Amino acid sequence: MPDMAKIQALNEQKQRDEKLIELTKSGFTNAAEIRLALSEGANVHAKGSRAMLNACKKFNYDVIKTLIEFGALSMQIARKYLGSLCDYRGFDKTDKESYFSILDDAIELTGRDDDYFEPYLNNRAAVGDTESLAVFKTRFGLSDDYIARHIYPRIIFEIINNGHEDMLAYISSHRQWIDQTCFDSAVAGGEEAVLMYIIDHSELYVSSRQAVATALFAGRVGVLDMLSDIGYDFENGNEFFLEKACRATMTTGMAPLEYLLAHGYKLTDSYRGKTVLENAVADGNFKLAQYVREKTQPQEECTGIINE
């Protein structure tokens with residue numbers, strides 16, 4: 001027999017939690033309403049701390065403080081939501097002091113946490129805002145090494161692409177960020193400006209096979225040409241690359257395959273024990289099959305005429 005009392009209790013808890021979450025969806029909800037909902041038994045951690053996420057997105061600092069008071073920050077995801085407040089749509093300079101103040105409250109309760117600092121550091125670094133980073137550094141007693149170490153590689157790529165030279169110089173002076181992972185990410189992502197910077201400022205010249213294959217599959221021939229210029233050899237009949245290029249014809253188009261053909265590959269080459277045409281037919285890749293026939297049949301016909 002179902003335990004009806006238990007089922008009823010679960011339903012009532014669900015209703016309390018849903019009420020709390022619904023209240024935090026409005027930027028006009030006051031802290032007293034949230035305090036009442038929590039005092040009546042709503043779970044501050046309900047649905048992965050959804051109440052905290054809602055309050056942060058609405059920049060409702062009084063509600064955020066109340067949620068913190070009721071233990072929201074004991075869940076790590078809530079700390080991430082709080083730190084990421086600066087990334088939500090609508091955040092501007094008028095929010096800075098309230099944001100910094102709420103971080104002060106959070107740090108006092110839980111101690112210093114990278115989740116509180118990293119979002120703002122990366123948010124400002126991405127747009128080259130060295131002045132705001134300096135203010136943040138002083139406000140929270142951070143070191144230059146700490147700041148540079150916590151800028152994500154993808155943000156450094158943005159900094160390079162957007163020409164924020166002062167920010168790049170600042171990071172590079174406090175951290176050696178160029179490594180094989182960054183090199184491969186630049187290749188795989190087709191980040192030509194980043195790859196050029198890495199080549200000019202390091203001795204990394206060899207990308208992983210998977211990174212090259214990813215760039216090839218996506219048709220990012222610019223970075224492939226850059227690799228060729230520094231000695232990468234595509235002319236080795238690599239079956240892995242050939243298969244990637246052939247599969248790319250279903251989504252990217254013929255550019256990857258034509259790139260390999262320009263570097264010594266032939267449509268009569270094989271992978272998985274079959275020719276390009278045989279694989280195309282087996283895979284139902286009729287576009288590639290037609291392409292191969294158009295490129296090879298005229299030659300076959302001419303050869304037959306000469307032989308006759």
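Just after helix α14, G219 takes a positive phi of about 75°. The model described here is predicted.

- Helix α14 spans residues 209-217, and its buried residues are A211, V212, A213, A215 and L216.
- The cover over these buried residues includes α12 (180-188) and α15 (221-229), together with α16 (239-248) and α17 (255-261).
- An α-helix has 3.6 residues a turn, so residues three or four places apart point the same way.

**The pair α10 and α11**

- Helix α10 covers residues 153-161 and helix α11 covers residues 165-174; their axes come within 8 Å and cross at roughly 140°.
- The handedness of the crossing of α10 and α11 is left-handed.
- On the α10 side the contact involves I156, I159 and I160, which meet M167, L168 and I171 of α11.
- By residue class, this contact of α10 with α11 divides into 6 nonpolar, no polar and no charged residues.

**The pair α2 and α4**

- The axes of helix α2 (residues 31-39) and helix α4 (residues 61-69) also come within 8 Å, and they cross at roughly 25°.
- Helix α2 is therefore roughly parallel to α4, since angles under 35 degrees count as such.
- The crossing of α2 and α4 is right-handed.
- Helix α2 contributes A31, I34, R35 and L38 to the contact, while α4 contributes D62, V63, T66, L67 and E69.
- The residues of the contact of α2 with α4 divide into 5 nonpolar, 1 polar and 3 charged.

**The nonpolar core**

- The largest nonpolar core has 97 residues.
- Within this core, the residues with the most contacts are M52, I64, L67, L82 and W177.
- One of these, L67, is also among the α4 residues in the contact with α2.
- Leaving aside neighbours within four places in sequence, M52 is in contact with I64, L67, I68, A72, L73, A78 and Y81.
- In soluble globular proteins, nonpolar side chains tend to be buried together.

- S132 has its place in helix α8, which runs over residues 130-140.
- With a relative accessible area of 8%, S132 is buried, because the class requires a value under 20%.
- Not counting residues up to four places away in sequence, S132 touches K96, Y120 and R124.
- N238 is found in the loop between α15 and α16.
- The relative accessibility of N238 is 17%, so this residue counts as buried.
- Not counting residues up to four places away in sequence, N238 touches R209 and Y265.
- M196 lies in helix α13 (residues 192-201).
- M196 counts as partly exposed because its relative accessibility is 40%.
- M196 and M226 are 30 residues apart along the chain, and their C-alpha atoms are separated by 8.0 Å.

Technical notes. Residues are numbered from 1 along each chain as its sequence is written. This is a predicted model: local features need pLDDT of at least 70, side-chain atom pairs count only at pLDDT 80 or more; totals for chains, interfaces and linings use all residues. Side-chain values use heavy atoms; hydrogens and water are left out. Axes are lines fitted to C-alpha atoms, for helices over the stretch in contact, and angles run from 0 to 180 degrees between N-to-C directions. Helices (H or I, at least four residues) and strands (E, at least two) are DSSP runs, numbered from the N terminus. A crossing is left-handed if the near helix is turned anticlockwise from the far one by less than a right angle, and right-handed if clockwise. Contact means heavy atoms within 4.5 Å. Ala, Val, Leu, Ile, Met, Phe, Trp, Tyr, Cys and Pro count as nonpolar, Asp, Glu, Lys and Arg as charged, and the others, Gly among them, as polar. A nonpolar core is a set of buried Ala, Val, Leu, Ile, Met, Phe, Trp, Tyr and Cys residues joined through side-chain atoms within 4.5 Å. Buried means under 20% relative accessible area, exposed over 50%, partly exposed in between (1.4 Å probe, protein chains only). Angles under 35 degrees count as roughly parallel, over 145 as roughly antiparallel, 65 to 115 as roughly perpendicular and the rest as oblique.
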